[in-house]
Amino acid sequence: MNTATATPRTATALGWVLTAAVVATATTLVWRRRWVSDDGFINIRVIHQLMAGRGPIYNPGERVEVGTSTLWLALVWAGQALSPATGTGQVMVILGTTLTAVAFCLVGIGAAALQPRVGSARPLVPAGLAVLAALPPVWDFGTSGLETSLSMAWIAACFAGLARRARQDQPRAAWRPWGLSVLIGVGVLVRPDFGLLSVGFAVALLWQSRRRPSEWLAAAAIALALPAAYQVFRMGFYASLVPNTALAKANAPWQQGL
């Protein structure tokens with residue numbers, strides 16, 4: 001093995017070792033700060049109602065959407081169903097820690113995908129990830145029973161997917177791979193306000209795709225399928241057009257804020 005081929009490989013290996021060290025450090029710090037916050041107990045009560053067969057509500061007989069993140073509740077519910085003997089708070093802590101680690105890994109994968117294809121003797125140093133791993137709010141809210149870790153993982157997954165897709169030699173159909181369109185579309189199910197981030201990711205997806213309206217429409221249909229299905233459920237079950245968080249803030253004194 002000559003130096004020309006060994007050096008880039010060594011640099012790549014070193015970059016992944018550094019990234020793995022940051023991921024391990026962040027995951028350990030999140031685990032050491034594991035807890036469930038006050039709002040997390042709202043989610044716990046919703047999960048208990050779901051497990052009791054009453055639906056995603058807070059009080060029996062009152063169809064009110066109290067959760068902020070539909071997808072987070074779905075993941076916790078699935079985890080609880082797979083392990084009924086485990087406390088809901090424990091399920092949240094395990095999911096939160098795991099999703100935090102996944103988020104850091106995906107950012108590293110996305111960053112590596114943006115590097116030049118030609119081998120380089122310089123390793124990829126995860127300085128940005130190290131800064132993020134050093135922030136105490138990341139340790140505190142990696143768990144907490146809230147959707148923060150899921151939010152980080154979703155953003156990182158969209159970034160990694162778009163970064164890897166950007167390496168294509170020729171622009172492809174906007175809906176290929178269709179899983180990326182689905183991922184971008186579920187932003188509103190992670191958090192309602194993440195619809196704005198979905199728009200940004202969608203623009204990036206279309207920018208690196210072929211300029212064919214039919215393919216753009218196909219990608220939009222795939223992206224909106226799950227949010228539209230949940231919207232139908234929301235209108236039928238809760239008798240509401242918007243999330244409950246929007247109703248709660250409808251009468252906010254915006255003029256005072258301005």
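Hi everyone, let's start with the pocket. The largest pocket in this structure has 26 residues in its lining, and the ones nearest its centre are Gly185, Val188, Ser198, Leu224 and Pro227. One thing to keep in mind as we go: this is a predicted model.

How much space lies in that largest pocket? About 460 Å³. As for where the lining comes from, four helices each supply at least two residues: helix 8 (178-185), helix 9 (187-190), helix 10 (195-207) and helix 11 (213-237). Helix 11 gives the largest share of the lining, with ten residues.

Now over to the surface. Val232, Met235, Leu241, Val242 and Leu247 together make a nonpolar patch of about 460 Å². Let me pick out one member, leucine 247, which sits in helix 12, residues 244-248. Is leucine 247 fully exposed or only partly exposed? Its relative accessibility is 47%, so leucine 247 counts as partly exposed, because the exposed class needs over 50%.

For contrast, here is a residue in helix 1, which covers residues 3-32: threonine 19. Threonine 19 has a relative accessible area of 6%, so it is buried; the cut-off for that class is under 20%.

Note on methods
Residues numbered from 1 in each chain as written. Predicted model: local features only at pLDDT ≥ 70, side-chain atom pairs only at ≥ 80, totals over all residues. Heavy atoms only, no water. Patch = residues over 30% accessible without salt bridge, like charges linked within 9 Å, V, L, I, M, F, W, Y side chains within 5 Å. Areas by Shrake-Rupley, 256 points an atom, 1.4 Å probe, with all protein chains shown as cover. Salt bridge = Lys/Arg side-chain N within 4 Å of Asp/Glu carboxyl O. Buried < 20%, exposed > 50% of the residue type's maximum accessible area, 1.4 Å probe, protein only. 1 Å grid on protein atoms, 1.4 Å probe; cavity = no way out; pocket = protein on both sides within 12 Å on 5 of 7 lines; lining within 4 Å. Points joined across faces, edges and corners; volume = space filled by probe spheres on them.
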